[in-house]
Amino acid sequence: MSLNNTPRANRLHIGLFGRRNSGKSSLINALTGQETATVSDVPGTTTDPVYKAMELYGIGPVVFIDTAGFDDEGKLGKLRVEKTEKASAETDIALVLFHDEDIREELEWVKDFRKACRESSGVGGPAQTDFPFFMG
Ligand SMILES: Nc1nc2c(ncn2[C@@H]2O[C@H](COP(=O)(O)OP(=O)(O)O)[C@@H](O)[C@H]2O)c(=O)[nH]1
Ligand SMILES: [Mg+2]
């Protein structure tokens, strides 16, 4: 089977997380070299998670996941956050983006995320308790 035919389930899932307008969609576009996701200064532009499969040199088949901000608000925002949480459950590596002035909200989210991973360990969801995070 060629790399391009790798089923999504067999790819390393790299999720992009952060508040609205933290630059997640801009980063996925830069990483994929394509207009994979819509970039806008309107908070809440990304709604459903965006999946982009590609081959990463030195790593192999991956799928990047762009998500809605975990701080989204209102009735629709709550649905977006739920979808972000579902996407996080299938994530192998999480990239968390933040503004440099105050990262307390992001750290809190990472803490909750790790807890959810531990609780779901062995019963579906990510099995790793040492879930890798890269923040920047
Ligand atoms: N100054 C600056 N602006 C950025 C950067 N990355 C994204 N933006 C801008 O921030 C806004 C939100 O970007 P977007 O990628 O849609 O954020 P998302 O909501 O996290 O997906 C857009 O107006 C982007 O042009 C960056 O590194 N520096
Ligand atoms: Mg976005």
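Of the 136 residues in the chain, 26% are buried, a residue being buried if 20 or more other C-beta atoms lie within 10 Å of its own, exposed if 12 or fewer, and partly exposed in between, with C-beta atoms placed from the backbone. The model is a predicted one, in which local features need pLDDT of at least 70 and side-chain atom pairs count only at pLDDT 80 or more, while totals for chains, interfaces and linings use all residues. Residues are numbered from 1 along each chain as its sequence is written, and chains are lettered from A and ligands numbered from 1 in the order in which they are written.

Three helices and five strands make up the secondary structure of the chain; helices (H or I, at least four residues) and strands (E, at least two) are DSSP runs, numbered from the N terminus. Their order from the N terminus on is β-α-β-β-α-β-α-β. Two residues are in contact if their C-beta atoms, placed from the backbone, lie within 7 Å. Among contacts between residues at least 6 apart in sequence, 59% join residues at least 24 apart.

The strand pairing may be followed from β1. Two strands pair if DSSP finds at least two bridges between them. β1 runs parallel to β3, with five bridges between them; within this pairing H13 stands opposite V63, and G15 has I65 as its bridge partner. β1 also pairs with β4 in the parallel sense, again over five bridges, and here F17 is partnered by V96. Six of the seven residues of β1 are buried, and the strand is thus mostly covered.

On β3, the pairing with β2 is antiparallel and comprises seven bridges. Y51 has I65 of β3 as its bridge partner, and M54 stands opposite V62. I65 is therefore a bridge partner of both Y51 and G15. The hairpin of β2 and β3 has three residues between the strands, and in it G58 takes a positive phi near 90°.

The interior comes next. In soluble globular proteins, nonpolar side chains tend to be buried together. A nonpolar core is a set of buried Ala, Val, Leu, Ile, Met, Phe, Trp, Tyr and Cys residues joined through C-beta atoms within 7 Å. The largest such core has 16 residues, of which L16, F17, F64, I65, L95 and V96 touch the most other members. Two or more residues are given to this core by each of β1, β3, β4 and α3 (104–120). Leaving aside residues up to four places away in sequence, F17 touches T67, F70, S88, A94 and V96.

Helix α1 (residues 24–32) has K24, S25 and I28 as its buried residues. Seen down the axis of α1, these fall within an arc of 95°, so they line one face of the helix; the arc is that of the directions from the helix axis to the C-beta atoms. An α-helix has 3.6 residues a turn, so residues three or four places apart point the same way. The cover over the buried residues of α1 includes β1 (12–18), β2 (50–56), β3 (60–66) and β4 (93–97). Just after α1, G33 has a positive phi of about 70°.

The loop between β1 and α1 contains N21. Most residues other than glycine have a negative phi, and most peptide bonds are trans. N21, although not a glycine, has a positive phi of about 65°. This residue counts as partly exposed because it has 19 C-beta neighbours inside 10 Å.

Ligand 1 is surrounded by 14 residues, the closest being G23, K24, S25, S26 and D41; a residue is near a molecule if its C-beta atom, placed from the backbone, lies within 6 Å of it. Helix α1 supplies the largest share of this shell, three residues. By class, the shell holds one nonpolar, 10 polar and three charged residues, where Ala, Val, Leu, Ile, Met, Phe, Trp, Tyr, Cys and Pro count as nonpolar, Asp, Glu, Lys and Arg as charged, and the others, Gly among them, as polar.

Finally, T45 is placed in the loop between α1 and β2. With 15 other C-beta atoms within 10 Å, T45 is partly exposed. T45 touches T38 and S40, not counting residues up to four places away in sequence. The C-alpha atoms of T45 and A68 are separated by 7.7 Å, and these two residues are 23 residues apart along the chain.
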